[in-house]
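Dear colleague,

I am passing on the structure we spoke of, and I would be glad if you could look through it before reading the notes that follow.

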Amino acid sequence: MHCRVSTSPPMSLTPYPLGFQVSLTTVLMLELVLGFSSNLTVLVLYCAQSNLVDSVSNLVTVNLHVLDILVCVLCLPLTVAVILVPANGSGVSSLATLCCFHEACVTFTSVATAVNVLVISLDRYDISVRPASRLLTPRRAGLLLAAVWAVSLAVFFLPFLEGDFFSSRNRTLLCVGGQGYYTGMAMYYHLLLQVPCFFIAVAVMLFTYSRILQALNIRIGTHMMRGTRTKDSTCSASTQPHATSPLPASSMGVQASVSAIIALRRAVRRHRDRRERQRRVLKMSLIIISTFLGCWAPLSAVNVLILCLGPSDGLVRLRLCFLAMAYGTTIFHPLLYAFTRQKLRRALKTRVKKRVVSLLQVDPAPSGGTVIHNSWVEGGGQRKTRKPRVEASDGTDRCLTEAVRE
């Protein structure tokens, strides 16, 4: 297929403006450092604690962090090189090669990130809606992740095939400079692939997280009804032996009042915990979906404009800016998917405490024999003494304990 070359103005043979280069390169280098360090910290914690990678959910999360490290190591430096390398007449061939590798990395990042986020959404849907009979078993998860990597690596080679990289006619694709832009549709199949991957991932995320919220509400309502029925039947059965025991009227009235107060306080605490869990799940779901939309929607919109209107210097520069926004997911993923897990936070806190203790323990003890205790390092120190709790009858305590377990 023959592709015509768009007429490019003389500005196409000049590099990007200095302010554009400095600002965008600074943002990309900051994302590289923060994204690489945070994802590497998560992987080190997972490798150091063997009990962390003990489920399908942790396995798919680790797979996402491995992808983010590859993006920081391979794709971000290529984007910086595309921005900084000048486009002159003598370097057209080298620029075209660099552009092919850059477009391949962008395609790999876009498709792989969308598919991995989609897999995490399906895993959370499976564990929330079908906790007893999960469809995503460890073996199926391994096969699914292998298929994800196979698809991601396959789309990596698509820009090389479009640009005739293995022939004498190497083309510049979406880089400012060189001999202009090729406007044939055969040059931009990789853009046409990225757009539906993004929309499919968004649709799956909206569906799965909405069903997770619905399942959470249904489970809480059913749990409350079942707990009320069990408590009533258990209380009626447990209080029958005490009805035959001769107790003064005043003692029975005090015990009944105390039991009612304890039951009310526990019911209020359980209800507050449930509402807090609902708010937490809703907030995290909205944050995860909004982050993915905010980072990748602008890039997908520019890809649609390039497919409809054709490439231009302004659209290509805008695409680089939105690509820097999309790379921001390498920073947000550890915060959203890793550090929100209680086990990982506990492991990180333990390692930090051990590190601080090793730095502080220079001498065995002060020379005066006085030992200075650090409550933060030593785990919080002594707890405050709790006020004694008024005990109720054995039958009431057994009733309330079984209700809480339900």
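A residue is called buried when its relative accessible area is under 20%, exposed when that area is over 50%, and partly exposed in between, with a 1.4 Å probe and protein chains only. By that rule aspartate 123 is buried, since its relative accessible area is 2%.

Please keep in mind that this is a predicted model, in which local features need pLDDT of at least 70 and side-chain atom pairs count only at pLDDT 80 or more, while totals for chains, interfaces and linings use all residues. Residues are numbered from 1 along each chain as its sequence is written, and side-chain values use heavy atoms, with hydrogens and water left out.

The whole structure holds 3 of them.

In one, the side chain of arginine 319 meets that of glutamate 103, at 2.9 Å from N to O. Because arginine 319 belongs to helix 9 (residues 313–326) and glutamate 103 to helix 3 (residues 92–129), this pair ties together parts that are 216 residues apart in sequence; helices here are DSSP runs (H or I, at least four residues) and strands likewise (E, at least two), numbered from the N terminus. Arginine 319 is buried, at a relative accessible area of 4%, and glutamate 103 is buried too, at 0%.

Arginine 134 forms a salt bridge with aspartate 123, at 2.5 Å from N to O. Here arginine 134 sits in the loop between helix 3 and helix 4 (138–156), whereas aspartate 123 is in helix 3, so the pair joins parts 11 residues apart in sequence.

Finally, the unreviewed UniProt entry places the feature "transmembrane region" at several spans, including residues 20–48 and 316–339; UniProt positions follow the numbering used here, feature names are shortened, and annotations may be inferred rather than shown by experiment. Residues 20–48 are 100% helix and 0% strand, with end C-alpha atoms 42 Å apart, whereas residues 316–339 are 88% helix and 0% strand, with end C-alpha atoms 35 Å apart.

How values were computed:
A salt bridge is a side-chain nitrogen of Lys or Arg within 4 Å of a carboxyl oxygen of Asp or Glu.
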